[in-house]
Amino acid sequence: MIDPFGRKVSYLRVSVTDRCDLRCVYCMAEDMTFLPKAEVLSLEELDRLCGAFIDLGVDRIRLTGGEPLVRKNVISLFRSLGSRVGGGGLRELTTTTNGTQLVRMAADLYAAGVRRINVSMDTLDPATFTAVTRWGRLEPTLDGIFAAKAAGLAVKINAVAMKGVNESEFDRMIAWCGEHGFDLCLIETMPLGEISGDRNDQYLPLSSVRAKLRQNWTLDETDYTTGGPARYYAVRETGQRIGFITPLTHNFCESCNRVRLTCTGTLFMCLGQDDAADLRRPLRDPAVGSEGLRQAILEAISRKPKGHDFVIDRTRSKPAVARHMSVTGG
């Protein structure tokens with residue numbers, strides 16, 4: 001699949017649920033209204049859609065949420081897609097999780113074919129963790145991270161950089177990740193969905209964070225990539241990597257290779273645009289068939305925009321797009 005700007009679309013992020021067992025302040029409103037279950041695709045339908053994308057050239061799939069591991073029987077989808085890693089068209093199957101369910105599911109994920117996961121954890125301070133997640137506790141996420149490591153999964157820690165919240169912790173997090181063999185990725189907050197706080201107050205440009213980190217760490221440029229938008233540096237003192245995802249200070253649109261599928265079958269060609277394609281209708285319409293579904297996907301890819309419209313400044317009080325990150329998938 002080639003978009004209008006010559007970029008090959010080979011990476012699909014699939015939100016299997018909009019629900020989550022935490023309420024992170026940059027991701028969700030405190031009182032969320034979740035999708036009615038009747039609107040959500042079955043796991044079998046999600047599997048069929050993923051199969052259609054694989055047949056069209058997608059070779060990386062990441063299952064996201066919300067929190068993907070809270071969806072009942074989601075491991076069956078991991079197993080089905082994991083069986084396609086290698087000779088079945090997929091190079092890699094991964095997931096992003098908040099870690100709360102990993103103690104019970106890490107071994108199953110590894111058995112299903114997952115070898116690498118991202119765990120969202122913005123702080124190592126228990127009080128700050130509870131404040132950011134509104135009601136979460138740090139210990140279950142830490143227990144899940146170490147369960148994943150014990151199961152053989154490579155772990156990358158994702159942290160959203162927030163001014164006045166966790167900006168003093170990044171040195172500690174680099175050292176902690178180095179001690180335990182984890183890579184770290186810092187992410188600029190993105191203007192997605194209405195939240196109770198002001199994103200102008202949260203926003204912390206990673207260009208300034210990186211400059212400050214270089215006072216204590218040697219960051220060597222590297223061409224390492226996971227297929228996503230992060231730009232990685234090797235931390236010479238720890239032997240691990242640190243990535244920076246910078247949609248605002250330096251966007252990554254020119255090399256974008258991904259699209260996002262929601263649990264309702266809506267395909268977003270860009271995280272920062274509202275244009276979308278309804279794939280649930282052709283998926284469920286027996287008169288359309290597999291070829292009709294294929295054409296619907298290709299038509300959507302033909303509308304993939306050049307870039308997003310993310311801006312955070314004092315003149316814009318509304319988010320760039322109305323939907324929350326939990327709806328689109330991380």
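Select Thr141 to begin: setting aside residues within four places in sequence, Thr141 is in contact with Asn98, Gly99, Thr100, Val119, Met121 and Phe129, where contact means heavy atoms within 4.5 Å. Thr141 sits in helix α5 (residues 138–150); helices here are DSSP runs of H or I with at least four residues, strands are E runs of at least two, and both are numbered from the N terminus. Is Thr141 buried or exposed? Thr141 is buried, its relative accessible area being 0% (buried is under 20%, exposed over 50%, partly exposed in between, using a 1.4 Å probe and protein chains only).

A word on what you have open: this is a predicted model, in which local features need pLDDT of at least 70 and side-chain atom pairs count only at pLDDT 80 or more, while totals for chains, interfaces and linings use all residues. Residues are numbered from 1 along each chain as its sequence is written, and side-chain values use heavy atoms, leaving out hydrogens and water.

Next, pick Cys20, Cys24 and Cys27, which an unreviewed UniProt entry annotates as "binding site"; such annotations may be inferred rather than shown by experiment. Cys20 is in the loop between β1 (11–15) and α1, and is buried at 19% relative accessible area. Beyond its neighbours within four places in sequence, Cys20 is in contact with Met28, Phe34, Gly66, Glu67 and Asn98. Cys24 also belongs to the loop between β1 and α1 and counts as buried, at 16% relative accessibility. Not counting residues up to four places away in sequence, Cys24 touches Val132, Thr133 and Arg134.

Now show α1 together with helix α2 (residues 75–82): their axes come within 10 Å and cross at roughly 25° (axes are lines fitted to C-alpha atoms over the stretch in contact, with angles from 0 to 180 degrees between N-to-C directions). That makes α1 roughly parallel to α2, a label for angles under 35 degrees. For side chains to display, Leu43, Leu46, Asp47, Cys50 and Ile54 of α1 meet Ser76, Leu77, Ser80 and Leu81 of α2.

Finish in the largest nonpolar core, which has 94 residues, with Ile61 and Ile157 making the most contacts inside it. Such a core is a set of buried Ala, Val, Leu, Ile, Met, Phe, Trp, Tyr and Cys residues joined through side-chain atoms within 4.5 Å. Helix α1 (residues 43–55) supplies the largest share of this core, seven residues. Centre on Ile61: among the residues it touches, not counting those up to four places away in sequence, are Leu12, Val14, Cys50, Ile54 and Leu81.

Methods: Angles under 35 degrees count as roughly parallel, over 145 as roughly antiparallel, 65 to 115 as roughly perpendicular and the rest as oblique.
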